[in-house]
Amino acid sequence: MTFEQPLVLVALVVVPAAAGLWLANERRRRRSAAVFTSLALLPNLVDRSPGRLRLVPVALFLVALTFLIVGFARPHANITVPRHEATVVLAIDVSRSMQAQDVAPSRMVAAQRAAGAFLDEIPSTYAVAVVGFGTRAFVALPPTQDRSLARQALADLAPSEGTAIGDAVSLAAKLGLRQRAADGTVPPESVLLLSDGARDGGRVSTATAEKQAKALHVPVSTVLLGTPNGVVQEQLTGGYTVQIRVPPSPGTLAQIARATGGEFFRAGSPAALASVYRHLATRIGHTTENREITDLFALGALVLLLAGGAVSMLWLRRVP
């Protein structure tokens with residue numbers, strides 16, 4: 001929490017001073033009562049003693065006073081609020097290794113299905129784009145709010161060779177530049193990249209792509225899909241078939257997320273992948289803003305003062 005007028009907080013010394021004055025006044029009243037009244041007769045003269053209950057209104061008043069002083073200092077805090085407009089780019093790896101069936105029915109199909117379910121989790125006002133990448137990166141769908149087009153673009157992705165991750169990050173980071181919000185500004189953009197391995201081919205290195213995304217303030221969250229037991233089959237000349245192990249490689253994806261301010265996840269099953277997308281949908285659907293919260297402190301002080309007055313009148317039978 002930060003304060004627009006921090007010097008006002010010096011006035012908080014009034015709170016312990018007020019507490020000290022109240023305690024001194026209580027001692028003086030007791031001494032005065034002892035002079036004119038026999039302490040042994042007090043239980044017969046007074047129906048009941050409020051005991052420690054009398055401290056409640058005072059405590060509430062002191063806390064309310066604290067809230068008021070802090071409120072006058074104009075406090076600011078980072079608050080999570082819903083984001084109304086944004087561009088989300090789904091970058092899907094379509095390389096040969098994504099045909100491995102260690103994530104049923106295959107890594108690529110699981111990615112397509114989870115991405116389709118993700119579209120139901122984010123606000124309908126968001127623009128969604130789809131980028132596929134294998135030997136090269138390509139725009140399967142430019143940013144649009146039409147969810148049916150987005151689902152069709154995901155379904156139309158076809159297997160390829162290579163893993164041009166750098167090209168995909170570079171291309172995806174630039175897709176949101178032409179979008180415009182209602183006030184003419186460029187809505188924030190996020191990239192969700194799903195792959196199972198390190199860079200293999202492409203024209204743009206991952207280091208260059210990371211710098212481009214960071215310069216454009218586009219966080220790239222990456223999801224590593226697959227298990228160490230993943231294999232793909234390849235047809236050889238003569239009709240022979242060979243199995244090739246394709247374990248997931250986390251290094252490149254983790255580095256991209258770290259360098260661009262995104263998040264890195266592992267998903268070894270369809271359920272884990274769905275959980276990752278639900279989490280990302282929640283994160284993308286909200287943003288953190290620094291807002292003044294003076295009104296919250298003022299409201300808190302009012303509630304405490306009313307509560308203190310109610311205790312005094314209803315329980316202690318005295319007007320505060």
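Reply: The model is a predicted one. One place to begin is L273, which touches A110, A111, A114, L194, V223, L225 and A267, leaving out residues up to four places away in sequence.

Me: What makes these touches count as contacts?

Reply: A contact requires heavy atoms within 4.5 Å. L273 has such contacts with A110 and L194, among others.

Me: Which residues have the most contacts inside the largest nonpolar core?

Reply: They are L90, F118, L194, L273 and Y277, in a core of 35 residues. Its members are called a nonpolar core because they are buried residues of kinds such as Leu, Phe and Tyr, joined through side-chain atoms within 4.5 Å. At least two residues each come from β3, α4, β4, α5, β6, β7, β10 and α9. The largest share, seven residues, is supplied by α4. A second, separate core has 21 residues, including A129, L175, L224 and I256.

Me: Why are β5 and β10 called edge strands?

Reply: The open sheet has six strands in the order β5-β4-β3-β6-β7-β10, with mixed pairing. β5 and β10 each have a single partner strand, so one side of each lacks a neighbour in the sheet.

Me: Why is S106 called buried?

Reply: The relative accessible area of S106 is 6%. Buried means under 20%, so S106 qualifies. S106 lies in the loop between β3 and α4, and is in contact with M98, Q99, A100 and Q101, leaving aside its neighbours within four places in sequence. The side chain of S106 also reaches the backbone nitrogen of V109 at 3.2 Å.

Me: What makes D156 exposed?

Reply: The cut-off for exposed is over 50%. D156 has a relative accessible area of 52%, and therefore D156 is exposed. D156 is found in the loop between α5 and α6.

Me: How do you know that the side chains of D156 and Q152 make a polar contact?

Reply: A polar contact needs a pair of N or O atoms within 3.5 Å, one able to donate a hydrogen and the other to accept it. The polar contact between the side chains of D156 and Q152 is 2.9 Å, so the distance lies within that limit.

Definitions and conventions:
Residues are numbered from 1 along each chain as its sequence is written. This is a predicted model: local features need pLDDT of at least 70, side-chain atom pairs count only at pLDDT 80 or more; totals for chains, interfaces and linings use all residues. Side-chain values use heavy atoms; hydrogens and water are left out. Buried means under 20% relative accessible area, exposed over 50%, partly exposed in between (1.4 Å probe, protein chains only). Helices (H or I, at least four residues) and strands (E, at least two) are DSSP runs, numbered from the N terminus. Two strands pair if DSSP finds at least two bridges between them.
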